[in-house]
Amino acid sequence: MIQRILVTGGAGFLGSHLCERLVSDGHDVICLDNFFTSQKTNVAHLLGKPNFELIRHDITLPIHLEVDQIYNMACPAAPGHYQFNPIKTIKTSVMGSINMLGIAKRCGARILQASTSEVYGDPEQHPQKESYRGSVNPIGIRACYDEGKRVAETLFMDYHRSNNVDVRIVRIFNTYGPRMHPFDGRVVANFIRQAMAGDDITIYGDGSQTRSFCYRDDLVEVIMRMMNCDDFTGPVNIGNPHEFTIRQLAEKTIELTNSSSKLVESPLPADDPTRRRPDISLAKVKLDWEPKIELDEGLKHTIDWFKTINLADYRPPTP
Ligand code: NAD
Ligand code: UDP
């Protein structure tokens with residue numbers, strides 16, 4: 001059935017792919033974004049479509065819209081982006097969620113929250129299951145993001161219990177792919193840019209910390225499955241369970257770019273999680289999903305995309 005769908009953060013890396021999929025499925029899509037960490041060019045190709053609409057708006061402020069579904073994707077996701085204005089980051093998660101939950105309540109719309117593996121903080125349990133309650137430093141430099149997303153989950157569940165709002169919560173693990181911001185400061189973008197330029201690859205710490213990297217197509221597919229699953233609110237972990245050290249990622253990137261770059265160590269940022277890998281058993285059972293694109297293939301697509309862009313077209317976050 002054709003739905004009226006609001007995607008907040010719809011011009012961002014994941015949001016723009018989601019908009020693309022929803023538009024091609026024939027839905028009536030409203031993309032709402034303040035372009036804090038994204039470019040209008042991410043959705044420029046959708047602008048002429050009769051079932052696509054772009055609104056410049058900040059979700060910390062109320063807005064009146066009539067919709068059937070809401071994907072709440074708006075929030076800076078990279079540490080360098082969310083630490084740029086930490087108070088704004090918390091407001092986006094908390095006030096933004098309240099505003100979007102208000103629309104969902106009034107319209108009877110289903111609403112999905114893009115939560116994060118960061119709700120687990122620097123986890124003592126490995127791999128991370130949804131039942132794990134996490135280990136977040138509430139006063140650290142990552143807290144504006146981690147705690148903001150934790151409060152957002154609380155708000156979603158309280159609107160669900162108190163007001164019967166139809167909610168969905170996905171906990172997204174590290175995701176990469178074409179259209180990621182090349183200067184977001186995250187590891188995949190940094191390593192590809194550095195390797196392509198022949199610059200030193202900056203390993204923070206000794207590179208033994210791990211992450212599990214999911215390609216964006218796998219991720220967008222499961223987000224849509226979760227939205228359209230009728231009997232399950234989540235939270236559910238979504239990500240690729242194959243775990244790599246940061247040093248392995250650097251070596252892979254050098255190999256795939258035929259680069260002569262050298263690895264150099266620099267200080268590890270505060271509160272940097274040591275290990276991260278999703279347990280995706282729940283997503284397998286409830287959503288019949290597991291990722292299909294492994295790191296080598298996904299990195300190749302991403303490197304190919306980096307070859308096509310002009311880095312000068314990308315700007316840092318703007319307040
Ligand atoms: P992104 O930065 O590319 O996209 C976020 C979008 O939200 C941007 O277009 C930005 O301009 C917009 N935005 C930020 N604050 C806003 C505000 N106050 N009002 C309106 N728009 C605002 O990041 P992404 O990687 O596409 O992440 C999308 C969502 O998924 C985020 O909520 C993020 O926390 C979550 N997530 C992403 C990852 C990942 O690895 N990419 C991991 C976990 C969770
Ligand atoms: N990292 C790194 N070099 C970089 C950027 C990041 O070694 O140039 C490390 C970072 O310290 C962390 C991991 O890579 O351990 C993933 O960092 P990212 O910022 O991509 O995402 P996070 O999962 O920490 O939010």
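**Ligand surroundings and a helix pair**

A: 15 residues surround ligand 2, and the closest are Arg186, Val187, Asn190, Thr202 and Tyr204; a residue is near a molecule if its C-beta atom, placed from the backbone, lies within 6 Å of it. The model is predicted: local features need pLDDT of at least 70, side-chain atom pairs count only at pLDDT 80 or more, and totals for chains, interfaces and linings use all residues. Residues are numbered from 1 along each chain as its sequence is written, while chains are lettered from A and ligands numbered from 1 in the order in which they are written.

Q: Which elements give two or more residues to the shell around ligand 2?

A: Helices (H or I, at least four residues) and strands (E, at least two) are DSSP runs, numbered from the N terminus. Here the elements are helix H5 (187–197) and strand S8 (201–204). S8 gives the most, with 3 residues.

Q: At what angle do the axes of helix H3 and helix H4 cross?

A: Axes are lines fitted to C-alpha atoms, for helices over the stretch in contact, and angles run from 0 to 180 degrees between N-to-C directions. The axes of H3 (residues 86–107) and H4 (residues 143–163) cross at roughly 15° and come within 8 Å. Angles under 35 degrees count as roughly parallel, and H3 and H4 are therefore roughly parallel to each other.

Q: Is the crossing of H3 and H4 left-handed or right-handed?

A: A crossing is right-handed if the near helix is turned clockwise from the far one by less than a right angle. The crossing of H3 and H4 is right-handed.

How values were computed. Angles under 35 degrees count as roughly parallel, over 145 as roughly antiparallel, 65 to 115 as roughly perpendicular and the rest as oblique.
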